[in-house]
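Subject: Structure handover

Hi there,

Here is the structure I promised to pass on to you. Please open it alongside this email, and I will walk you through what turned up.

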Amino acid sequence: MTAELGHFAVWMALVLALLQSVLPLIGAWRGNIALMSTARPLAIMQLLLLTIALIALGYAFYFNDFTLAYVANHSNSALPWGYRLSAIWGGHEGSLLLWVWMLAGWGAAVAWLSKSVPATMVARVLAVMGMIGIGFLSFMLFTSNPFDRLLPWFPLDGADLNPLLQDPGLIVHPPMLYMGYVGFSVAFAFAVAGLLAGRLDPVWARWARPWTTIAWAFLTVGIALGSWWAYYELGWGGWWFWDPVENASLMPWLSGTALIHSLAVAEKRNLFRAWTVLLAILTFSLSLLGTFLVRSGILTSVHAFANDPERGTFILIFLALVAGGSLSLFALRAPKLKNNAGFRLLSRESFLLGNNLLLLTATFVVLLGTLFPLIGDALDVRISISAPYFNKFFVPLTLVLMALLSLGMISNWKSHRGDAFRRRVLPLIPASLVGGLLAAWLPGGTPWLGTLGFIMVAWVVLAHLDDMIRKARASRGSFFAGLWRLSNGYKGMVLAHCGLALLVAGIILVTHHEIERDVRMVPGDTVQVGGYDFAFVDVGPRAGPNYDAMRGEFRVTRNGRAVTTMYPEKRTYRVGGQVMTQVALRPGLIHDLYVALGEPLDMPGAWAVRVYFKPGVRWIWAGALLMSLGGVLAVIDKRYRRRPARDTTAQAVAEGSA
Amino acid sequence: MKRPIWALVPLLLLLGLVVMLYNGLGRDTETLPSQLVGQPMPPFQLPSLLGADSELDESLFRGRWMLLNVWATWCPTCYVEHPYFMQLAREGVAIVGLNYKDQDDKARQYLAELGNPYTHVVVDKRGTLAMDLGVYGAPETYLVNPEGKIMLRHAGEVNARVWAQKFAPLWPGREALEQDAGRDAHGGKAP
């Protein structure tokens, strides 16, 4: 019964989404307050209904209701209950439910928190979000319903969750990623509402900014979690594979990064308006494209969902409607989007524009690389795209981006006097050269490209430190009081930029200084990697809740002193028979030790063992976390919570009929 | 008010993208069509990874059925399919490796430590032969007949299931190998 309740709740949510996408729009168009004010309760009701649906599905998983096809395919009575619950989003249908639930959550949050935004704007934004909701709810109900029953013949036990997904990292990775993807729908809705209203001024940008930034922060964490998961779960020790699905999440991140910076220009200087709107449309469209790529089976990937052209067609039509509709609106309204103010070549605007173009180039590089198998088909050209292709573009793009980043941060809005600018920049150059060369020299030889990278890392960090100290000194009172008084927006920016520097430093370290040894070992053997001795003590069987494993024991010593004991496993899952490598890790601030059991070899007791020494690999994810934390800090900046100018109904009516 | 033409550019780009994606729908991603199926191996002259200073060419593929496996140490899926190739090699399947855009010493270390299933390894550092073959990425595996003609192309991991479905029907003396493929427990879908 609970499943039917959940199913019914989804249908009700679809009906409400239909209402939400029509009534408030008519209200905003006619200036009808009553119709406009339906938007908020409708959005909140949708969240309630979908929460009921989500709980109903969770209930079915918890109590092993294998009459539901989705539960039978993704769970098993022997699965620990934590994984049974996370199996809600372990497959295509359930992850869609999570997706629409989050969409409703963002809608309700907009309804709840946008008290300072005029009613017409809220009505339009929520109407657009209602339309997106219609798309996804009908996609779920018509092509991929998690509440479909397997009656009357249902299995006695389930097929088990994919063992790759039976992992704590995977409990949080998809929700974070979806929060980011779905969150960009708010930015998109604000862009479309702004186009509808013909209002894309600094006030509009201030409303849209915190929503975009917080979605971006979620996406950042989501991608970092995915990379961390791939690192320890797949057993290859890599942290990024340029896999189509990874690329699908990176594209909206890159254009979203461009968007949050271009929104800053739109808010502070009322410039780049057409550009900002296009970026908002692009970012959400790329989120949809990512969904399409993952769920249509159009590209081969390590973690694609089931191949289904019918689902692919649905999302493609939806993508065409969303992007096509908004871009047509954009083409109609473009004449209104002329910039009024200008800016000099030497100004913050120039540098931000430069970095926006770099980020967009990077997005395009990833898009091209990901879709190349399709483009190649269409043009009958044979070129192969692989990791070296992406690296060739991303290394120089990142280096130039970091160079411009500090220059943009130092310079003033509108224009900066050349001599003053030189006085700020010139002392930083020798300082970063020295810092970068020292860093490159300390851990042992780094190739010139890595050295250049370290110099850029120093350049970014030093420029921000210098700027922060200057700002703190310029403020009244003591230095520390001045430091404390800096706005949250500014602190967030410094944190995010330094996070980028940390991430790049980690990538350079792990790329140039990692040691990977794939060795053949029998118990009793010792191998030395990165100054540590790994002694293979023994290997023996061990039974888990739903798998059997061969567990190795490695005693790690350094110069004769015991460091740790590591237990890598090779697991065979009982239900599906899949074989999984469970890596043993000793994480460290400076470097990780990583042991994985490969395959048993010809001789009894002999194993192929992977022993890796990974310096700086944690910095990559720590850097991403700092970036995301910076985003959160920026969102809680005081100016977004400034008391709203009284939003009188008279004003709303005037605007609505305008 | 004059409508600027540039404002239509994003819409046109989107149209192109949607058409392309629509054509791609339902595409079978495992049997990528190759212009080369039924064609002879493209001519090449490339160094050998394991034989010092020797060069290999297309005459390698004469006289017996062979597999050509495109691999690299930077390719995660190659690690996954490697044990299966070891098994095939033990059963007497001749496999030529095409080491694709890789570093020689890393590749040699990979084979030394994980085992070498290949009779020969062709070094294709700049991807020229891979380009002639129309390789999309590593791993890819080709079936070449004794006359040096390409009979089949497979993109992605080779495992017991793929072998049984695609390679075994074309392979001479298939019964022995098929039985074996059925027995293999590592044939589950790779991550």
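A term to settle before the sheets: two strands pair if DSSP finds at least two bridges between them. Helices (H or I, at least four residues) and strands (E, at least two) are DSSP runs, numbered from the N terminus. The model is predicted, so local features need pLDDT of at least 70 and side-chain atom pairs count only at pLDDT 80 or more, while totals for chains, interfaces and linings use all residues. Residues are numbered from 1 along each chain as its sequence is written, chains are lettered from A and ligands numbered from 1 in the order in which they are written, and side-chain values use heavy atoms, with hydrogens and water left out.

Chain B

Chain B has six helices and seven strands, and along the sequence they follow the pattern α-β-β-β-α-β-α-β-α-β-β-α-α. Of its 191 residues, 53% count as buried (buried means under 20% relative accessible area, exposed over 50%, partly exposed in between, with a 1.4 Å probe and protein chains only). Among the contacts in chain B with a separation of 6 or more, 70% come from residues 24 or more positions apart; contact here means heavy atoms within 4.5 Å.

Five strands of chain B make an open sheet with mixed pairing, in the order E5-E4-E3-E6-E7. Its edge strands are E5 (120-124) and E7 of chain B, each of which pairs on one side only. From one strand to the next, the twist averages 20 degrees (axes are lines fitted to C-alpha atoms, for helices over the stretch in contact, and angles run from 0 to 180 degrees between N-to-C directions).

Within that sheet, E3(B) (residues 66-71) and E4(B) (residues 95-100) pair in the parallel sense over five bridges, and Leu67(B) stands opposite Ile95(B) in E4(B). E6(B) (residues 140-144) runs antiparallel to E7(B), and five bridges join them. Here Tyr142(B) faces Arg153(B) in E7(B) as its opposite residue. E6(B) and E7(B) form a hairpin with five residues between them, and Gly148(B) in the turn has a positive phi of about 80 degrees.

Which strand is mostly covered, with five of its six residues buried? That is E7(B) (residues 150-155), although E7(B) is one of the edge strands.

H2(B) (residues 76-90) lies across E3, E4 and E6 of chain B, at about 160 degrees to E3(B). H5(B) (residues 160-167) lies across E3, E6 and E7 of chain B, at about 150 degrees to E7(B).

Chain A

Let me start with the helix pairs. H1(A) (residues 2-30) and H3(A) (residues 39-62) pack at an angle of about 160 degrees, with their axes 8 Å apart. That makes H1(A) roughly antiparallel to H3(A) (angles under 35 degrees count as roughly parallel, over 145 as roughly antiparallel, 65 to 115 as roughly perpendicular and the rest as oblique). H1(A) passes H3(A) in a left-handed crossing (left-handed if the near helix is turned anticlockwise from the far one by less than a right angle, right-handed if clockwise). The contact includes Leu5(A), Ala9(A) and Leu16(A) of H1(A), and Leu42(A), Leu49(A) and Ala53(A) of H3(A). By class, the contact of H1(A) with H3(A) has 19 nonpolar, four polar and no charged residues (Ala, Val, Leu, Ile, Met, Phe, Trp, Tyr, Cys and Pro count as nonpolar, Asp, Glu, Lys and Arg as charged, and the others, Gly among them, as polar).

H6(A) (residues 92-113) and H9(A) (residues 202-233) pack at about 145 degrees, with their axes 13 Å apart, and H6(A) passes H9(A) in a right-handed crossing. Trp106(A), Ala109(A), Val110(A) and Leu113(A) of H6(A) meet Trp211(A), Ile214(A), Ala215(A) and Phe218(A) of H9(A). The residues of this contact divide into eight nonpolar, no polar and no charged.

H9(A) also lies across E8, E9 and E10 (607-615) of chain A, at about 50 degrees to E9(A). These strands belong to an open, antiparallel sheet of four, in the order E1-E10-E9-E8 (chain A). Its edge strands are E1 (515-521) and E8 (584-586) of chain A. E8(A) and E9(A) (residues 591-600) pair in the antiparallel sense over three bridges, with Leu585(A) opposite Tyr594(A) in E9(A).

Finally, why does Thr363(A) count as buried? Its relative accessibility is 5%. Thr363(A) is in H13(A) (residues 348-379) and touches Met251(A), Leu254(A), Ser255(A) and Leu286(A), not counting residues up to four places away in sequence.
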